[in-house]
Amino acid sequence: MITLFRGLTAAALTVPLLAAAAPAVAEPTFGRQAVNLPVVQAIEALPVEKENRAGYKRTKFRHWIDANRDGCNTRQEVLIEEATEEPKIGPSCSLTDGEWFSYYDAKTTDNPRGLDIDHMVPLAEAWDSGASAWEAKKRERYANDLDSKRSLVAVTARENRQKADKDPAQWWVPAKDASCQYLSDWVATKTRWRLAVDQAERNALRDRAAQCPNARVKADIAQ
């Protein structure tokens, strides 16, 4: 069965982004910066800025790449990792005989072609929230972020397209049991990449956080 809260470093160091939040327990991180905070504190630590989509094109985020040149691109790597039943890997990294769980809508499928790989924070939303100022290589790293298991998620194509480029003020996961996970995943991704929120988004996150008192945000800060 897929682990819904996917593994992240538990080390916790405060970073400039989180200066206003209560400090987390500090441990050695071998050169990495990481956060481990209650979701309420992590939300308050996110910078609040107006969004600006001027100049956005999806092609400015290059994906899906085969970063390690093993024959499987980012989409295929996510499907392999998230399979609840291990698939057979054929020529050109074709996948068969596996099974997957889409946590957005609590649906199970054995057809990988019926799944999309969702950017937890959509590419357009990332652009609006700070990625417009990044170099192309950083946008490529964001679009293919396999180093954080919250950044990319295999979900049914229907739900991915319902979500599109909407933020939490505009769309939320339909599966009730997934609400706190989606909250943590969204805030963790914004935290990891030092992305801002607008005021409506922040208000929506605060409202959801009130229903998730035990949720935490654990994320390595992207370099």
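Residues are numbered from 1 along each chain as its sequence is written, and side-chain values use heavy atoms, with hydrogens and water left out. Because the model is predicted, local features need pLDDT of at least 70 and side-chain atom pairs count only at pLDDT 80 or more, whereas totals for chains, interfaces and linings use all residues.

View 1. A salt bridge is a side-chain nitrogen of Lys or Arg within 4 Å of a carboxyl oxygen of Asp or Glu, and a search of the whole structure finds 15 of them. Lys 137 is exposed at 53% relative accessibility, whereas Glu 140 is buried at 12%, where buried means under 20% relative accessible area, exposed over 50% and partly exposed in between (1.4 Å probe, protein chains only).

**View 2. Arg 150 forms a salt bridge with Asp 185.** The closest N and O atoms of this pair are 2.6 Å apart. The pair links distant parts of the chain, 35 residues apart, with Arg 150 in the loop between α4 and β7 (152-156) and Asp 185 in helix α6 (residues 179-192). Arg 150 is buried, with a relative accessible area of 5%, and Asp 185 also counts as buried, at 5% relative accessibility.

**View 3. Helix α6 is largely enclosed by the rest of the structure.** Of its 14 residues, 13 are buried. At 1.5 Å a residue (the expected span being 1.5 Å times one less than the number of residues), α6 should span 20 Å, and its end C-alpha atoms are 20 Å apart, which agrees. Arg 194, whose phi is positive, near 55°, follows α6.

**View 4. Strand β6 pairs with β7 in the antiparallel sense.** The pairing runs over five bridges, two strands being counted as paired if DSSP finds at least two bridges between them, and Asp 116 stands opposite Val 155 in β7. Both faces of β6 are covered, with Leu 115, Ile 117 and His 119 buried on one side and Asp 116 and Asp 118 buried on the other.

Note on methods
Helices (H or I, at least four residues) and strands (E, at least two) are DSSP runs, numbered from the N terminus.
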